[in-house]
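Student: Could we go through this model together, feature by feature, with the general idea before each case?

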Amino acid sequence: MTPNDTTVARLKADATLRRRGNRYEDFEIGRSFAHHWGRTVTAADNTLFSTLTLHYNPHYTNEAFAKTHGHPATPVNPLLVFNTVFGLSVEDLSEGGGPFLGVDELSYRKAVYPGDTLYAHSEVIARRLASNRPGYGIVTWHTRGSNQQGEEVIDFKRSNLVKTRN
């Protein structure tokens with residue numbers, strides 16, 4: 001047994017399994033979540049995301065082009081804005097596990113530019129037990145993303161299958 005194997009075995013023996021995330025019963029209709037942290041989006045984030053997703057719309061990668069279309073700078077790719085705000089909500093809403101069921105009523109309210117910091121807030125708007133999947137319920141949240149000035153930049157509704165406690 002190598003020293004690494006010994007260390008791994010010791011860490012596994014000392015590890016404590018900890019349940020993460022909320023369960024169906026935690027999501028009462030009207031409950032709101034102010035998701036912590038926030039995330040500042042950089043020009044590098046925008047360029048890398050746009051390039052890796054093959055999203056070559058010049059609005060998001062060419063400042064001169066963006067300025068000729070009325071932007072003060074290169075706007076952040078809207079899909080990156082969505083993914084960032086969605087990601088900020090995961091710890092509170094869906095980290096407990098269960099399949100993602102979809103997004104509805106996605107609206108981009110205001111352009112986001114490199115250097116803006118995004119924050120997320122969500123509210124439980126619907127829930128019901130799953131009729132064909134015992135031990136799960138379907139929860140729907142309305143998530144709003146805002147910038148550092150408190151201006152809403154995006155909002156959407158999303159649903160997940162969420163485990164019940166038992």
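Tutor: Let us start with the secondary structure, where helices (H or I, at least four residues) and strands (E, at least two) are DSSP runs, numbered from the N terminus. The protein chain has 4 helices and 5 strands, and from the N terminus on these follow the order α-β-α-α-α-β-β-β-β. Bear in mind that this is a predicted model, in which local features need pLDDT of at least 70 and side-chain atom pairs count only at pLDDT 80 or more, while totals for chains, interfaces and linings use all residues. Residues are numbered from 1 along each chain as its sequence is written, and side-chain values use heavy atoms, with hydrogens and water left out.

Student: How should I read burial here, and what percentage of the 166 residues count as buried?

Tutor: Buried means under 20% relative accessible area, exposed over 50%, and partly exposed in between (1.4 Å probe, protein chains only). Of the 166 residues of the protein chain, 37% are buried by that rule.

Student: Which aromatic rings form a cluster?

Tutor: Rings of Phe, Tyr and Trp (its six-membered ring) pair if their centres lie within 6.5 Å, and planes under 30 degrees apart count as stacked, over 60 as edge-to-face and the rest as tilted. The count by this rule is 6 aromatic pairs. One of them joins Phe 86 and Phe 156, whose ring centres are 6.2 Å apart with planes at 15 degrees, so the pair is stacked. This pair links distant parts of the chain, since Phe 86 lies in helix α4 (residues 78-93) and Phe 156 in strand β5 (residues 152-163), 70 residues apart. Both Phe 86 and Phe 156 are buried, and ring pairs link Phe 82, Phe 86, Phe 100 and Phe 156 into a cluster.

Student: Where is Trp 37 found, and is it buried or exposed?

Tutor: Trp 37 is in strand β1 (residues 32-40), and it counts as exposed because its relative accessibility is 72%. Its phi is near 80 degrees, a positive value in a residue other than glycine. Leu 54 likewise has a positive phi, near 55 degrees, but Leu 54 sits in the loop between α2 (43-52) and α3 (63-68).
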